[in-house]
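Colleague: Could you walk me through this one? I would like to begin with the overall fold and then look at a few residues.

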Amino acid sequence: MSCSYHYKRMLIFVKTGQEERIEELRDTHRLETRSQSDQIYKLRQQLNEAEALVAASQASASHTEEETARRNAEIERLAVEVAKAKEVAKEEEEKRVKAISLLKTVRQKLVKAEKDRDDALKEIGESKEKDRLEREKERAERARLQSEIDAVNSEREKAVTGLRTQFDKEVATVKERSEKELSAARAQFEVEIAALKMSHSTELTLKRSQIATLETSVNNLSRKNMASFEQLQIRQAELESSQHHVGTLQSQHTELQFQLREAQDRLTLLAEEISDLRGEQEAQSHGPGVSQEDVSQLISTMEAKYEARLAELKKNLILAEKERTESEANWSRKLCDKGRETDELKLILQSSARLREEKESTTGVLKSEIEKLTAEVQNHQRHALELQLRVDRMNDAETSFQLRISDAQAEAEGYKNQLENLKAHEVQLRGHIKTLREELRKVQNSAALLERQRNPGVGYWTSRIENTDSRASISSGSEVPSRAASPGPTSSTPSKGDEDINLEYLRNVILQFLEHKEMRPNLVRVLSIILRFTPQETRRLIAKVQ
């Protein structure tokens, strides 16, 4: 009775301990089933995504099938076209045979045409002979016309020489005016060029300083961008390494889950063995032969063995749970850190993008400013080239004017020589005039003395005396009354004054004749009166001047 009581009590104790353990196992099983259901939900989502991908692949496969069908249709169409091309080639071959026959007929016609060509060449030779004769006639006519043209050219050259002399005189006045204008324009252009050079140099220095500052800013921005890009690459590498670590931890988690499943399977096996052992114990308790002490020992050994196994399994489960919780906490922390780092990297990327946009905008502005500066520099260079061309033109004009001035100076020297010759001739003429006047005075004095000695007559002789007095007054060219009534010594002083007056008048008339072309016809008449030209000489001079 005591043994049965103890055995029952032991069984109750074992049942209560087993029920507690089973409850704990149920709780763990419930938690595991919940985690498994979550995993199943995730796997279903992944399966849906995979199905969507499969559907997309099927759609792409259908699209590829449609494309293959289209290509097959194109291949069939091309085969039809090849057949048509073969038929066309046959037709072309037939056409080629026909063309060869036509070429043969054309060759026969060409032989005939060559014969006609030989006949035509003979006719052309005859026509060339006729043309040669006509050309010889034309050459003779041309030589005759050339001689006439040479005569006309000689006459024209004579007229040109006259016009050239007139033009040279006009050029002298134009040179003086152009020299004055050139000097004024040169001074003005030099002032303008100096001002333009100063303004251009100042603008260039300002623009170069601006370009240097902008280049430094661009270099600084590029350095910052490179530094941020390097940091971003480092963070991306860290993120990739963390993702790899997360993958390794997930694989470890799956391995632990697999170990948990194996432990659960072992527990189920142990429970089945316990149930088998209980059945054997019950059978042994009903059957004879085995004592209760052996059964109790076996039960105690089995319980101790399974309790040790359960304790190890619990320890393993607790360690796995701790490791899982720690790994989840670590990974949550790491994920939070990585999320912050990614946010920071996003901000850095946004700032770098903004900086890049600003840099691009500044570079665009700089490029536009550089283009404007280059355009301005080109405009300044063009303006400087235009000014240089103007200066060169002015220098060329100046050289041409200097050449003209040198020619005019040479002509002036020639005119001076002519004037000196004229002066020498004038001096000679004055000497001759003086001698003639002295002789006239002597004759007039002798005639006056004779007239005084004679009594005044009547009629013819009185008129003759008046005529002689009038001729004497004209020959002297003065406005003084006749010298017939004046004595010899008193008439010498007015004759010298008249001579000076006449020479001054003659000099002024000759100067006006040389200076003013438009007054020459009138001055010729004056000179003919002064120098007592004949009518033929005056007409001849007027014709030459006009």
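Modeller: Keeping in mind that this is a predicted model, the protein has six helices and zero strands, and read along the sequence it follows the pattern α-α-α-α-α-α.

Colleague: What share of the residues is buried?

Modeller: Buried residues account for 11% of the 546 residues, while the protein exposes about 43500 Å², of which carbon and sulfur atoms supply 57%.

Colleague: And which contacts join residues at least 24 apart, as a percentage?

Modeller: Counting contacts between residues at least 6 apart in sequence, 77% join residues at least 24 apart.

Colleague: Switching to charges, where is Lys359, and is Lys359 buried or exposed?

Modeller: Lys359 sits in helix H2, which covers residues 292–453, and Lys359 is buried yet has no salt bridge, with the nearest side chain of opposite charge, that of Glu360, 7.3 Å away.

Colleague: What is Lys359 in contact with, leaving aside neighbours within four places in sequence?

Modeller: With those neighbours left out, Lys359 is in contact with Val218, Leu221, Ser222 and Asn225.

Colleague: Which residues gather in the patch of negative charge on the surface?

Modeller: That patch brings together Glu114, Asp116, Asp118, Asp119, Glu123 and Glu126; Glu114, for its part, lies in helix H1, residues 2–286, and is partly exposed, with a relative accessible area of 43%.

Colleague: Last topic: which residues does Phe513 contact beyond four places in sequence?

Modeller: Phe513, which belongs to helix H4 (residues 492–515), is in contact with Arg520, Leu523, Val524, Leu527 and Val545 once neighbours within four places are set aside. The C-alpha atoms of Phe513 and Leu527 are separated by 9.4 Å, with the two residues 14 apart along the chain.

Notes:
Residues numbered from 1 in each chain as written. Predicted model: local features only at pLDDT ≥ 70, side-chain atom pairs only at ≥ 80, totals over all residues. Heavy atoms only, no water. Patch = residues over 30% accessible without salt bridge, like charges linked within 9 Å, V, L, I, M, F, W, Y side chains within 5 Å. Areas by Shrake-Rupley, 256 points an atom, 1.4 Å probe, with all protein chains shown as cover. Salt bridge = Lys/Arg side-chain N within 4 Å of Asp/Glu carboxyl O. Lys, Arg positive; Asp, Glu negative; His and termini not counted. Charge placed at Lys NZ, Arg CZ, Asp CG, Glu CD. Helix = DSSP H or I, 4+ residues; strand = E, 2+ residues; numbered from the N terminus. Buried < 20%, exposed > 50% of the residue type's maximum accessible area, 1.4 Å probe, protein only. Contact = heavy atoms within 4.5 Å.
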